[in-house]
Amino acid sequence: MTRLRKGKIEHGRRRFLIGSVGSGLLMAFAPSINALEVATGGASEQLAAKSFSPTVWFEIDTQGKILVNIARAEMGQHVGTAIARIVADELGADWNNVEIKHVDTDPKWGYMVTGGSWSVFQTYVPMSQAGAAGRKVLIEAGAKLLGVNPKDCSTHNSHVVAGDKSISFAEIVKNGKIERTFSPEELANFEPKSPASRQLIAKPSQALDIPAKTNGTAQYGIDIELEGMVYARPVIPPTRHGSKVTSVDDSAAKSIKGYQGYEILTDPSDTVQGWVTVLADTYYAAVKAGNAIEVKYDLGETANVSEQDIISQGETLAKDKTSGTLVVEKGDIAKAAQNAKTSLESVYKTSSVLHFTMEPVNAAVEFKDGVCHVHCGNQWQSLFLPVVAKAVGMSDDKVIIHQYYLGGGFGRRLAGDYMIPAALTAQAIGKPVKLVFTREDDTRFDCVRSPSVQQMNAYWDDDDKLLGIEHGAAAGWPTMAMAPAFMPEGVDKKGKFDPFSIAGADHWYTLKNHRVRAINNPLAQKTFVPGWLRAVGPGWTGWAVESFMDEIAHKQNMDPIDFRLSMLDASGKNAGEAPVSVGGAKRLAKVLTDIRSQTNWGQTLPKNQGMGIAISSGQERDMPTWGACVAHVEVDVESGKVKVHKLTGILDCGTVVHPDGALAQTQGSMLWGLSLALFEGTEFTKGQVKDTNLDTYTPLRMNNLPDLDISFVQNTEFPTGLGEPGLIAVAPAIANAIFNAVGARVRDLPITPEAVLAAMPS
C-alpha cells in the first residue's frame with residue numbers, strides 16, 4: 001500500500017512473500033498487514049490463490065529468467081533498467097537474464113506516478129530490501145541442495161556459490177520448494193549492499209528498453225489497434241474553460257471518404273468543455289473532417305486574454321508584499337527592509353512554454369464486459385483514473401489504464417486529460433475509439449508551463465552587510481488545477497500553496513532574514529490548465545534566485561563563486577540530514593569548488609565572451625541533487641545574438657545507479673535548459689497559444705548545440721533524482737555569462753537578441 005504525501009510516495013508497512021508457484025518462484029509485497037493476517041496457508045499458497053492480490057514485483061522461472069515488473073512510466077529515461085538493476089544487484093543476478101514489464105493500473109501496484117525525479121529515489125530502499133530478501137531465500141534453498149551451510153554462500157551471476165560448489169537460480173527454482181514470509185520489521189533489517197559488494201549498481205550497462213525501441217517492437221500508445229475501432233479527432237474550442245457548442249455544420253465533411261459523423265461531448269468531470277469529436281474509419285479521414293467541420297460557440301470568459309494580461313497581473317501580485325502564501329519566513333524581513341541603508345530590486349519573468357512531445361497525445365478506449373479499458377502512455381495513472389471513471393459514470397474499479405511507452409512525457413503526460421474525450425466518444429457510439437491529436441490539436445490542448453513573474457528584493461545595513469532577501473513568485477499552479485488535495489499549508493497556516501511551483505526558492509544559502517511567497521495568478525489559472533514541465537517550479541525559481549545572487553555578488557564587488565561559497569556554510573537547516581541530504585550545503589559547495597577548477601574559472605577570454613555560474617539543489621529540497629553549471633558564451637554586439645560555446649555541469653546525486661542513463665538524462669535536461677534559455681517560448685493571444693507547430697515555435701536546433709562536459713561526483717550516498725536537476729542552472733548560468741561578456745543584465749526568458757541589445761550599457 002502506498003500513500004502520496006506532500007508529493008512523495010511512501011511505502012506502507014507490507015509483508016514480503018516468496019514462494020514456489022507452478023514452475024516459478026514469485027516474490028511479492030502484500031498490500032497490507034491486515035490482509036495477510038486474515039489469510040490462511042503459507043506464502044506459496046497465498047501467492048497461488050492471490051487471496052489478497054499480492055504485488056508480484058519480480059519472479060524467476062525454471063530457465064533462470066528474472067522478470068521485474070515496473071510500475072513507472074518509460075519515456076526515454078530508462079527507468080525500468082534502473083529499478084531492475086537495483087533488484088538484480090541485490091539478488092546477485094546475471095544481468096543477461098533480466099527482463100522488465102510495465103504494468104497496468106491494477107490497484108495491487110499501489111499509487112502510480114512517474115515524475116519529479118522520484119522513481120529511483122523512491123524505489124531504491126524497497127526494491128533493495130526485496131532483492132536482498134530474495135537473495136536470502138535463494139541462498140538458503142541453494143545451500144540445502146548443495147549440502148553446505150548458508151553462511152558460507154554468496155550469489156553471483158545468478159548462482160549460489162560456496163567455495164568450489166555452485167548451483168544456478170534456475171536449478172534452485174526447479175528443485176527447491178521455497179516458502180518464506182518476511183515481516184515489515186524483518187524486511188527493514190535488510191540494508192542495501194555495501195558499495196564494495198555491488199556487481200551491477202553504478203556500473204556501465206545496456207538499458208533493457210533500448211533493443212525494443214531500436215528494432216521497432218516497442219509499443220507506444222499511438223501504435224495501439226483495437227478490433228472494430230473508429231478513429232476520432234477533437235475539434236478544440238476557443239477557450240480551455242467555459243466555451244459551449246451552439247451549432248455544428250458538417251456538410252463539408254460529408255464528402256470525405258470514411259467520414260462517420262461527429263459527437264458533441266458532455267463531460268461530467270468538466271475536463272473538456274465545449275468539445276466536439278469527429279469520427280472516421282481512418283486517421284487521415286478524421287484529420288480532414290476535423291478541418292472541414294464548422295463549430296460555433298458561446299465563448300468562455302478568457303477568449304480575449306493575452307500573455308501580457310497574464311504577466312501584468314503577475315507583476316501586480318508579485319509587487320504586493322501582502323499577496324500569496326508564506327513558504328519561507330526566517331528572521332524579520334520587514335524589519336530588515338525598514339532598517340536597510342541600501343537595497344536592490346529586480347523582476348524576473350518567464351514566458352509560456354509548451355511541451356511538444358514527439359508523440360502527440362492520444363488514447364484508445366473500449367468498453368468490454370462492463371470495464372472501461374484505456375490504452376495510452378501516461379505518467380500519473382492514479383490521478384486520472386478516477387477522473388475517467390467520473391467522466392463515464394463508472395466506479396474506479398471498472399476502469400483500467402493499460403500502460404505503454406511514452407514518446408516523450410516531460411510532465412505533459414502527468415495530466416491524463418486526453419483520455420477523457422476518447423472515453424466519452426467510445427461510450428457515446430458504443431464502439432472502440434482511437435483518438436489521435438494532430439500536432440496543432442496537441443498544442444492547443446497542452447497543459448502549458450505558466451508564464452511567471454518574480455519580485456526579488458535584497459537589503460544591506462550601514463556596514464554594507466547583506467541583511468536578507470525577499471522573493472515573491474506569481475504563476476499558474478498545476479497542482480491547484482489537477483491535484484489540489486496535495487497542496488500543503490503555508491508556514492503561517494493562513495493559506496495553501498503549490499509546492500511544485502515554488503520549489504527551489506527555499507534554497508540552501510544561509511540568510512539571516514529570508515521570506516518566500518508563493519502567489520497564484522488567477523488569470524493564468526482561468527485561461528489554461530497550468531502544467532508540469534521538466535523541472536517545474538525550479539525552472540523559474542532557479543532562474544530568479546541564481547540570476548539575483550549574481551547581481552548581489554557584483555553589487556558587493558565579489559567574485560560570483562566566492563560569494564556563493566560564503567553563503568553555503570551548511571548551518572542550521574542547511575546542514576542536511578541522513579539519509580537523503582547528508583552533508584547539506586557542504587556538498588553544494590563542493591560541486592561549486594570542483595567546477596571552478598574544472599572550467600579554469602577567471603581565465604582571460606576573447607572580447608565579448610564570458611563565463612557564468614549558477615547552482616541548483618535539484619527538484620525539491622527534501623530530495624536534493626547538488627549541481628553546478630558554467631556556461632561559456634559569446635555575444636554578437638551588433639545583432640544581440642548569443643552563442644553558447646560550452647556548458648559544463650557537475651552533479652552530485654549520491655550513488656549513480658545507472659551511469660549511462662544518468663548521463664543521457666543530464667545531457668537531455670541541460671540541452672533543454674539551453675533551449676528554454678534562448679529559444680523556447682510562446683504567448684497567449686485571444687485566450688490561446690500563438691504557436692501551434694514547430695515552424696514558429698523554435699526549440700534548440702542541432703546547429704546551436706554547444707560542447708557538453710558533464711561529470712558526476714563519485715560517492716556512495718543515497719541516490720537522488722536526475723530527471724530535472726541538469727536543466728535548472730543552465731538558463732541563469734547563460735544570463736550571468738552574458739553579463740560577464742558584455743555587461744547586459746537580462747531578466748526575461750527566453751533571452752532574445754532584442755533584450756540583450758536593450759540591456760547593453762550605453
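Modeller: Helices (H or I, at least four residues) and strands (E, at least two) are DSSP runs, numbered from the N terminus. The model is predicted, so local features need pLDDT of at least 70 and side-chain atom pairs count only at pLDDT 80 or more, while totals for chains, interfaces and linings use all residues. Residues are numbered from 1 along each chain as its sequence is written, and side-chain values use heavy atoms, with hydrogens and water left out.

Biologist: In which helix does Thr-443 lie?

Modeller: Thr-443 is buried, at a relative accessible area of 5%; buried means under 20%, exposed over 50%, and partly exposed in between (1.4 Å probe, protein chains only). The side chain of Thr-443 reaches the backbone oxygen of Arg-439 at 2.8 Å. The helix, residues 439–444, is H13.

Biologist: Which residues is Thr-443 in contact with, leaving aside its neighbours within four places in sequence?

Modeller: Contact means heavy atoms within 4.5 Å. Ser-128 lies 41 Å from Thr-443, C-alpha to C-alpha, with a sequence separation of 315 residues. The residues in contact with Thr-443 are Leu-354, Phe-356, Val-689, Asp-691 and Thr-692.

Biologist: With which side chain does Asp-209 make a polar contact of 2.6 Å?

Modeller: A polar contact is a pair of N or O atoms within 3.5 Å; within protein, one must be able to donate a hydrogen and the other to accept it, and residues adjacent in sequence count only if both atoms are side-chain atoms. Asp-209 sits in the loop between H6 (184–188) and H7 (210–215) and is buried, with a relative accessible area of 1%. The side chain of His-78 is one polar partner, at 3.1 Å. At 2.6 Å, the partner is the side chain of Lys-213.

Biologist: Why is strand E23 largely enclosed by the rest of the structure, and how many of its residues are buried?

Modeller: In a regular strand the side chains alternate between the two faces of the sheet. In E23, Ser-452, Gln-454, Met-456, Ala-458 and Trp-460 are buried on one side, and Val-453, Gln-455, Asn-457 and Tyr-459 on the other. E23 (residues 452–460) is largely enclosed because its buried residues number 9 of the 9.

Biologist: Which residue of E23 is the bridge partner of Leu-344?

Modeller: Two strands pair if DSSP finds at least two bridges between them. E18 (residues 342–350) and E23 are joined by 9 bridges in the antiparallel sense. The partner of Leu-344 in E23 is Ala-458.

Biologist: In the hairpin of E23 and E24, which residue takes a positive phi near 60 degrees?

Modeller: E24 (residues 466–475) pairs with E23 in the antiparallel sense over 9 bridges, and Ala-475 in E24 is the bridge partner of Ser-452. The hairpin has 5 residues between the strands, and the positive phi belongs to Asp-464.

Biologist: In what order do the 6 strands of the open sheet stand?

Modeller: E24 runs parallel to E25 (residues 513–520), with 8 bridges joining them; Ala-473 has Ala-518 in E25 as its bridge partner. H16 lies across E18, E23, E24 and E32, at about 150 degrees to E18. The pairing in the sheet is mixed, and the order is E17-E25-E24-E23-E18-E32.

Biologist: Within what arc do the buried residues of H17 fall, seen down its axis?

Modeller: The arc is that of the directions from the helix axis to the C-beta atoms. In H17 (residues 560–567), Pro-560, Ile-561, Phe-563, Arg-564 and Met-567 are buried. These residues line one face of the helix, because they fall within an arc of 160 degrees.

Biologist: How far apart are the axes of H3 and H4?

Modeller: Axes are lines fitted to C-alpha atoms, for helices over the stretch in contact, and angles run from 0 to 180 degrees between N-to-C directions. H3 (residues 79–91) and H4 (residues 119–146) pack at an angle of about 30 degrees. Among the residues that meet are Ala-82 and Ile-86 in H3 and Gly-131 and Ala-132 in H4. The distance between the axes is 7 Å.

Biologist: At about what angle to E10 does H4 run?

Modeller: E8, E9 and E10 form an open sheet in that order, with antiparallel pairing. The twist averages 30 degrees from one strand to the next. E9 (residues 159–162) and E10 share 4 bridges, and Val-160 stands opposite Ile-167 in E10. H4 lies across E8, E9 and E10, and its angle to E10 is about 120 degrees.
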